Amino acid sequence: MSAPVMETVEFSLVRGSDRDAFIEAAGKINDWIARQPGFVRRRLSHEEDVRWIDQVEWSDLAAAQAAADGIATEPGNAAFMALIDGPSVIMTHSKIVVALR
């Protein structure tokens, strides 16, 4: 059986981006993310509006990778993707070994 996975994406916004516009765009892609096979939950946080952290829990690594491969090609996600500084992105996938509910 495959282990659940936490996808952690750290990034900065494009210089001059509006924080509130980004938060609105991030909320709008929730429906797309929630429809992806293996989705469990998502959290978006930030460090003083400088570094953002998007964490998505998936049922397994294959589900996480499939969603990561599709997020940028979904037209409804364009506003969200356009506000992220691509070179700043660091994405990791880690196995969840302990979880509290």
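Glu-57 and Arg-41 are joined by a salt bridge in this predicted model, their closest N and O atoms lying 3.0 Å apart; a salt bridge here is a side-chain nitrogen of Lys or Arg within 4 Å of a carboxyl oxygen of Asp or Glu. Because Glu-57 belongs to strand S3 and Arg-41 to strand S2, the pair ties together parts that are 16 residues apart in sequence. Glu-57 counts as buried at 5% relative accessibility, while Arg-41 is partly exposed at 28% (buried means under 20% relative accessible area, exposed over 50%, partly exposed in between, with a 1.4 Å probe and protein chains only). Helices (H or I, at least four residues) and strands (E, at least two) are DSSP runs, numbered from the N terminus. Residues are numbered from 1 along each chain as its sequence is written. In this predicted model, local features need pLDDT of at least 70 and side-chain atom pairs count only at pLDDT 80 or more, whereas totals for chains, interfaces and linings use all residues; side-chain values use heavy atoms, with hydrogens and water left out.

The whole structure holds 5 salt bridges. One of them joins the side chains of Glu-10 and Arg-51 (3.9 Å, N to O). This pair links distant parts of the chain, with Glu-10 in strand S1 and Arg-51 in strand S3, 41 residues apart. Glu-10 is partly exposed at 30% relative accessibility, and Arg-51 is buried at 16%. Another salt bridge brings together the side chains of Lys-28 and Glu-24 (3.1 Å, N to O). Both residues lie in helix H1, 4 residues apart, or about one turn of the helix. Lys-28 is exposed, with a relative accessible area of 57%, and Glu-24 is partly exposed at 48%.

The strands themselves deserve a look. An open sheet is formed by 4 strands in the order S2-S3-S1-S4, with antiparallel pairing (two strands pair if DSSP finds at least two bridges between them). Strand S2 (39–47) and S4 are the edge strands, each pairing on one side only. From one strand to the next, the twist averages 15°. S1 and strand S3 (residues 51–58) pair in the antiparallel sense over 7 bridges. Helix H1 (residues 19–28) packs on the sheet and touches S1, S2 and S3, its direction making about 175° with that of S2. Helix H3 (residues 61–71) also packs on the sheet, touching S1, S3 and S4, and its direction makes about 35° with that of S1. Axes are lines fitted to C-alpha atoms, for helices over the stretch in contact, and angles run from 0 to 180 degrees between N-to-C directions; contact means heavy atoms within 4.5 Å.

Glu-7 sits in strand S1 (residues 5–11) and stands opposite Val-56 in S3. Glu-7 is buried yet has no salt bridge, and the nearest side chain of opposite charge, Arg-42, is 7.8 Å away; Lys and Arg count as positive and Asp and Glu as negative, while His and the chain ends are not counted. The side chain of Glu-7 does make a polar contact with that of His-93 (2.8 Å). A polar contact is a pair of N or O atoms within 3.5 Å; within protein, one must be able to donate a hydrogen and the other to accept it, and residues adjacent in sequence count only if both atoms are side-chain atoms.

Finally, Ser-88 is placed in the loop between helix H4 (78–82) and strand S4 (90–95). Ser-88 is buried, with a relative accessible area of 13%, and its side chain reaches the backbone oxygen of Asp-85 at 2.6 Å. Leaving out residues up to four places away in sequence, Ser-88 touches Glu-10, Phe-11, Ser-12 and Arg-51.
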